[in-house]
Amino acid sequence: GAQPGGEGSVFGVMAGLSLSTPWSLLDPMTVANSGSTFCVKASDPTIPCSVGSIAELNHGEVGPSTAHTVSKTATVNCGGRPSLTVIGGPTVVLSEGVSSQLTAEMISPTTLRVESRLTNRGGVPGRYSSSKILVVSPE
């Protein structure tokens with residue numbers, strides 16, 4: 001494979017166990033043993049992108065058959081029109097009967113707002129936690 005600092009990506013479309021690329025149809029062994037022949041090194045971003053932390057959305061104790069909403073904001077510096085993606089969709093299932101619906105939105109070019117609405121519909125009492133990945137990118 002590529003030496004340290006020479007990491008890259010191979011782009012293509014999977015066709016069975018092979019990858020159809022601009023060069024040809026490649027199998028995993030060919031790519032793995034070809035050094036950086038088939039890799040394309042990503043360019044450095046031209047727009048810096050940083051996002052403040054939203055370390056935790058804590059709902060505290062939520063009783064049976066109830067719901068609770070909590071939200072936080074973070075500062076974003078990611079160009080004039082950053083885009084936002086919630087990886088895996090907005091629903092977080094914590095346990096049978098306990099779930100959260102996550103809403104994430106750019107309320108301005110410099111402010112990200114994340115809201116979690118936790119719903120308990122007969123869930124077993126206990127401590128629950130989960131994580132979600134939000135991707136902010138310059139457009």
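## Architecture, core and surface features of a predicted chain

From the N terminus on, the elements follow the order β-β-β-α-β-β-β-β-β-β-β. This predicted model thus comprises one helix and 10 strands. Among contacts between residues at least 6 apart in sequence, 61% join residues at least 24 apart.

The accessible surface of the chain comes to about 9,500 Å². Carbon and sulfur atoms account for 53% of this area. Of the 139 residues in the chain, 18% are buried.

In soluble globular proteins, nonpolar side chains tend to be buried together. In the present model, the largest nonpolar core consists of six residues, namely Val76, Cys78, Leu102, Leu112, Val114 and Val136. Val136 has contacts beyond its neighbours within four places in sequence. Two of these partners, Val76 and Cys78, are also members of that core.

Ile87 lies in the loop between β6 (83-86) and β7 (91-95). Because its relative accessible area is 44%, Ile87 is classed as partly exposed.

Side chains of opposite charge can pair when their charged atoms come close. The model contains two salt bridges, and Arg113 takes part in the pairs tabulated below.

| Salt bridge | Closest N and O atoms |
|---|---|
| Arg113 with Glu105 | 3.6 Å |
| Arg113 with Glu115 | 2.9 Å |

Through shared partners, the salt bridges join Glu105, Arg113 and Glu115 into one network. Arg113 is partly exposed, with a relative accessible area of 23%. Glu105 is likewise partly exposed, at a relative accessible area of 35%.

A further local feature concerns the backbone. Most residues other than glycine have a negative phi. Ser65, although not a glycine, has a positive phi of about 55°. Ser65 is placed in the loop between β4 (50-51) and β5 (66-77). With a relative accessible area of 64%, Ser65 is exposed, since this value is over the 50% cut-off.

Methods:
Residues are numbered from 1 along each chain as its sequence is written. This is a predicted model: local features need pLDDT of at least 70, side-chain atom pairs count only at pLDDT 80 or more; totals for chains, interfaces and linings use all residues. Side-chain values use heavy atoms; hydrogens and water are left out. Helices (H or I, at least four residues) and strands (E, at least two) are DSSP runs, numbered from the N terminus. Buried means under 20% relative accessible area, exposed over 50%, partly exposed in between (1.4 Å probe, protein chains only). A salt bridge is a side-chain nitrogen of Lys or Arg within 4 Å of a carboxyl oxygen of Asp or Glu. A nonpolar core is a set of buried Ala, Val, Leu, Ile, Met, Phe, Trp, Tyr and Cys residues joined through side-chain atoms within 4.5 Å. Contact means heavy atoms within 4.5 Å. Accessible areas come from the Shrake-Rupley method with a 1.4 Å probe; for residues, only the protein chains shown count as cover.
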